[in-house]
Amino acid sequence: MRDETTATTDLTAALETLAAAPRLIVALDFDGTLAPFADDPSEVGALPGSWAAVLTLQRAKDTEVVLVSGRPLGSLAAVTHAPAEMALVGSHGVEWRVDGHDEAALTDDEVARVARIGAALDEVGTRFPGVVIEHKPAGHGVHTRRVSAEVAAEANAAASRAAHDADADVLERGGKDILEFAVRHVTKGDAIARLRDLRGADAVFFAGDDVTDEDGFRVLGDGDVGVKVGEGDTLARYRIADPAALTDVLKQLARLRATR
């Protein structure tokens with residue numbers, strides 16, 4: 001295993017190469033990546049140093065920042081206060097705000113499925129005080145951050161049974177203190193691949209911390225840079241300790257990109 005000094009040196013070299021790309025996409029998860037976790041999702045904010053670097057990158061020539069989150073698009077826009085020209089992708093790739101236009105085209109059948117699954121999960125939520133059911137445009141999240149590991153396991157098992165009984169085709173995916181159920185089988189990897197094609201990008205930087213971000217790392221190529229924030233198995237080539245460490249990475253990339 002590489003030691004931390006070697007890994008940091010390798011990442012620095014990779015950023016220097018990445019910064020020379022003619023057209024660059026900087027894709028970033030929000031919770032646990034740009035921002036530390038909080039019990040109240042509405043109170044989360046990006047670390048000031050990271051956000052300043054994000055805005056610098058957004059202004060750099062031939063560079064586009066996109067926030068790619070599991071949050072609903074409206075929630076992502078509200079907590080980030082992202083400028084209108086910044087691309088946002090919510091609900092793991094279902095919802096888009098690109099070029100100032102919102103896109104969240106669920107079919108009538110999908111809307112009905114979301115409602116049916118939500119009703120089933122609400123019933124589960126009443127049985128587990130402290131478990132929060134978050135309703136999203138394309139699905140729902142079962143938040144267990146405020147309960148014990150034993151209660152979380154029991155609640156997640158009950159939620160899984162209820163969601164699959166309500167809709168046999170529901171997509172289930174786990175994350176940090178959350179179990180999510182969606183009606184459309186798209187991922188952050190799908191979103192990054194689509195953005196690359198849409199923008200004709202030569203390279204992509206992507207940073208994320210959660211299991212769902214592995215879909216994003218999976219679509220990166222040899223000329224791209226993926227950074228895992230925190231612990232856990234990962235497909236990313238590089239790893240840093242926490243959101244505070246990402247601040248330094250983003251500052252370095254912003255400086256390199258601005259002076260290339």
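## A walk through a predicted fold

Let's start with a pair of strands. Strand β6 (residues 132-136) and strand β7 (residues 139-143) run antiparallel, and five bridges join them. To get from β6 to β7, the chain makes a hairpin through two residues. If you want to pick out one of the bridges in your viewer, look for H135, whose bridge partner in β7 is H140. Keep in mind as you look around that this is a predicted model.

Now zoom out to the whole chain. How many helices and strands are there in the chain? You'll find eight helices and twelve strands. Along the principal axes, the C-alpha atoms fill a box of roughly 55 × 40 × 30 Å. For a compact globule with 260 residues, you'd expect a radius of gyration near 18 Å, and the chain has 18 Å, so the two agree. Buried residues make up 52% of those 260 residues. And if you take the contacts in the chain with a separation of 6 or more, 58% of them are between residues 24 or more positions apart.

Let's see what that looks like for a single residue. L24 lies in strand β1, which covers residues 24-28. Is L24 buried or exposed? Its relative accessible area is 2%, and buried means under 20%, so L24 counts as buried. Leaving out residues up to four places away in sequence, L24 touches L18, D62, T63, E64, A203, V204, F205, L253 and R257.

Setting aside neighbours within four places in sequence, R199 is in contact with R23, I25, E64, V98 and D99. With E64, the two side chains make a polar contact, at 2.4 Å. T80 gives another picture: R199 and T80 are 119 residues apart in sequence and 23 Å apart in space, going from C-alpha to C-alpha.

Two other arginines deserve a stop. R97 is part of strand β4 (residues 95-98), and with a relative accessible area of 13% R97 is buried. A polar atom of the R97 side chain lies 2.8 Å from the backbone oxygen of P83. Then there's R194, whose charged end sits over the ring of W96, 3.9 Å from the ring's centre.

Rings can also pair with each other. A pair of aromatic rings is described by the distance of the centres and the angle of the planes. How many aromatic pairs does the count come to here? The count comes to one. The rings belong to F206 and F217: their centres are 5.1 Å apart and their planes are at 55°, so the pair is tilted. This pair links distant parts of the chain, since F206 is in strand β10 (residues 203-208) and F217 is in helix α7 (residues 214-218), eleven residues apart. Both F206 and F217 are buried.

Conventions
Residues numbered from 1 in each chain as written. Predicted model: local features only at pLDDT ≥ 70, side-chain atom pairs only at ≥ 80, totals over all residues. Heavy atoms only, no water. Pairing = 2+ DSSP bridges. Helix = DSSP H or I, 4+ residues; strand = E, 2+ residues; numbered from the N terminus. Buried < 20%, exposed > 50% of the residue type's maximum accessible area, 1.4 Å probe, protein only. Contact = heavy atoms within 4.5 Å. Phe/Tyr/Trp six-rings, centres within 6.5 Å; stacked < 30°, edge-to-face > 60°. Lys NZ or Arg CZ within 6 Å of the ring centre and 35° of its normal. Polar contact = N/O pair within 3.5 Å; in protein donor to acceptor, adjacent residues only side chain to side chain. Rg over C-alpha atoms; globule rule 2.2 N^0.38 Å.
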